[in-house]
Structure formats: C-alpha cells, structure tokens
Amino acid sequence: VLDHPEVLLEIQRAYVRAGSQILLAPTFGANRVGLSRCGAFHRVEEYNLRLVELTRQAAEGKCLVAGDLAPVGLSLPPFGESSFEEMVAVYTEQAAALEKAGVDLFVVETMISMAEARAAVLACKSVSDKPVWVSFTCDEEGRAPYGTDVLAAMIVMQGMGVAAFRIN
C-alpha cells in the first residue's frame, strides 16, 4: 500500500463518493508481529502514521477515520506459547501509533479468540478514550475458531466498554 499510495487514495475516495461515513485505514496487519514477516517489525509507528494520514487525506473531512487492528497470530497455552501480556504489548504499540495518528475510533476486527479481543480492547483503552468497535468471526453455530460463543464474547466486550459489537 505504501509503495502505491495513489491506489489507496483512489479506492478510499470511491468509498467517500459512495457515501461511506467511516473509512478504515489499511492498518489491519500493521503491528509488530505482522510487520516482522517482511522485516519491518521496527516500523509500526511509521506505517500506522502514514496509513492513517493517507486515509484522512482521502476522507477529505467528509467521514471518520478508523484505526484497524487485527488478530496478531499469537496464541496462549495450550494453543501456543505467548503470554497475555505479550499480546497486550503488541496491541498497545499499534494502538498508541493509531492514537498519535489521530484516528477517530478503533476497529478491532475479525477476532478469533477472546484473549486477543480482550488484549486489543485493553490496549486501545489504555491509550485513548475514543470508541472501540469489535468484531468476531464465527461459524454457523455462532462459535469463533477457538470455540468462544459470540454471545458470550459480546457480553464480555460490552462489560469492557466497547461501543459496538459486530459479527463477520
């Protein structure tokens, strides 16, 4: 995206012309874990600042700009070896960059585990008082990939103060 910002601007401006009220900055994988896959783990702030700047430019003041946080791919035992504190730290680094960039809200999306969703919400709320939206991905029975019932997830997220809960 950063190699071809004109493409992003074109796409985002089309959303604005179509009447979008919120643009998601393309920061879905712009966290330390995601960026480490291409050797850019140390550029979290730089990437998030630039992606939000481009999205705000495309918005032209006509809609809100959301910082997009995604699953980082870390898992707690017995599914993995990461700690909850590590998850929170990864999300906090990105959320702080998004807050510095001036997003209007945070969208924590496509969550597959309650642990990651909780970590992301805690991170966002530790750096900002802006609204946080959360979405979980689930199967036809309403279960996230790690087995969490989405109704239970919604209740937990509501208790944590999220502004909106979505399912995808």
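**Close-up views of a predicted model**

View 1. Glu 60 sits in the loop between α3 (44-59) and β2; helices (H or I, at least four residues) and strands (E, at least two) are DSSP runs, numbered from the N terminus. This is a predicted model, in which local features need pLDDT of at least 70 and side-chain atom pairs count only at pLDDT 80 or more, while totals for chains, interfaces and linings use all residues. Residues are numbered from 1 along each chain as its sequence is written, and side-chain values use heavy atoms, with hydrogens and water left out. Phi of Glu 60 is near 50°, a positive value in a residue other than glycine. The side chain of Glu 60 meets that of Arg 13 in a salt bridge (3.9 Å, N to O); the term stands for a side-chain nitrogen of Lys or Arg within 4 Å of a carboxyl oxygen of Asp or Glu. Arg 13 belongs to helix α1, so the pair ties together parts that are 47 residues apart in sequence. Glu 60 is partly exposed, with a relative accessible area of 46%, and Arg 13 is partly exposed at 28% (buried is under 20% relative accessible area, exposed over 50%, partly exposed in between; 1.4 Å probe, protein chains only).

**View 2. The salt bridge between Arg 56 and Asp 104.** The side chains of these two residues meet at 3.5 Å, N to O. Arg 56 lies in helix α3 and Asp 104 in the loop between α4 and β3, so the pair ties together parts that are 48 residues apart in sequence. Arg 56 is partly exposed, with a relative accessible area of 32%, as is Asp 104, with 27%.

**View 3. The salt bridge between Arg 43 and Glu 46.** Here the N to O distance is 2.6 Å. Arg 43 has a relative accessible area of 28%, and Glu 46 has 42%. The structure holds 8 salt bridges.

**View 4. The cis peptide bond at Pro 78.** The bond from Pro 77 to Pro 78 is cis, with omega near 10°. Pro 78 is in the loop between β2 (64-69) and α4 (84-101).

**View 5. Thr 110 in strand β3.** Strand β3 covers residues 105-111 and includes Thr 110. Phi of Thr 110 is near 60°, a positive value in a residue other than glycine.
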